[in-house]
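The notes begin with strand pairing and end with confidence.

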Amino acid sequence: MKPITITSGKLPSSNKKIKQLMKIKERAIEEKICPLEFAVNAISGKWKVPIVWRINEGEKRPSEILRGITKVDRRVLNQQLKELEQAGILQKESFNELPPRVEYSLTPLGDKLVEVLWKLNAWGETLLETSIKKDK
């Protein structure tokens, strides 16, 4: 696995997001972070992949996700939702109403993750088939 390499160049001062991304990439270069390791760290956590999958399937509210993943504690769910939001995978929308309502949706980055998860799922099916053949 190779560390990220970038070439330096001047950015327009008005593009704050690009500057932030460049800082992340520069930090990754300084710390020699592998892109694969960086990606895996973003989705590491027992419930992050099931959470993303549930949101992709149409569940938007934490209570819906909680019902769909029965073994997760609400506190853990909220922490993992927050981490996924900070990673740019999820977007949180708060509604100013009583009782308070919050909904999550996938960002474009989250949509790309779902594409990767579908491929990982297909690989998992192949791995499972191989394992079953070995056991026979």
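1. Strand β1 (residues 90-95) pairs with β2 in the antiparallel sense over six bridges, where two strands are taken to pair if DSSP finds at least two bridges between them.

2. Residues are numbered from 1 along each chain as its sequence is written, and side-chain values use heavy atoms, with hydrogens and water left out.

3. The loop between β1 and β2 contains Pro99, and the peptide bond that joins Leu98 and Pro99 is cis, with omega at about -10°. The charged end of Arg101 sits over the ring of Phe95, 3.7 Å from its centre; the rule requires NZ of Lys or CZ of Arg within 6 Å of the ring centre and within 35 degrees of the ring normal.

4. The secondary structure of the protein chain comes to six helices and two strands, these being DSSP runs numbered from the N terminus (helices H or I, at least four residues; strands E, at least two). Read from the N terminus on, the order of elements is α-α-α-α-α-β-β-α.

5. Helix α6 (residues 108-135) has 28 residues and reaches 41 Å from its first C-alpha to its last, which is close to the 40 Å expected at 1.5 Å a residue, the expected span being 1.5 Å times one less than the number of residues. Gly110, Leu113, Val114 and Leu117 are buried in α6, where buried means under 20% relative accessible area, exposed over 50% and partly exposed in between (1.4 Å probe, protein chains only). The buried residues of α6 pack against α2 (35-43), α3 (48-56) and β2 (101-106).

6. Leaving aside neighbours within four places in sequence, Glu59 is in contact (heavy atoms within 4.5 Å) with Arg54, Glu64 and Ile65.

7. Asn41 has its place in helix α2, and it counts as partly exposed because its relative accessibility is 47%. The C-alpha atoms of Asn41 and Ala87, which are 46 residues apart along the chain, are separated by 9.8 Å.

8. For the protein chain as a whole, buried residues make up 21% of the 136 residues. Of the contacts with a separation of 6 or more, 46% come from residues 24 or more positions apart.

9. The protein chain averages a pLDDT (the predictor's confidence in each residue, from 0 to 100) of 84, and 85% of the residues score at least 70. Over residues 2-13, however, the pLDDT is below 50, and this stretch has 19 contacts in the model beyond near neighbours in sequence. Where pLDDT is low, the predicted coordinates should not be read in detail.

Key. Predicted model: local features only at pLDDT ≥ 70, side-chain atom pairs only at ≥ 80, totals over all residues.
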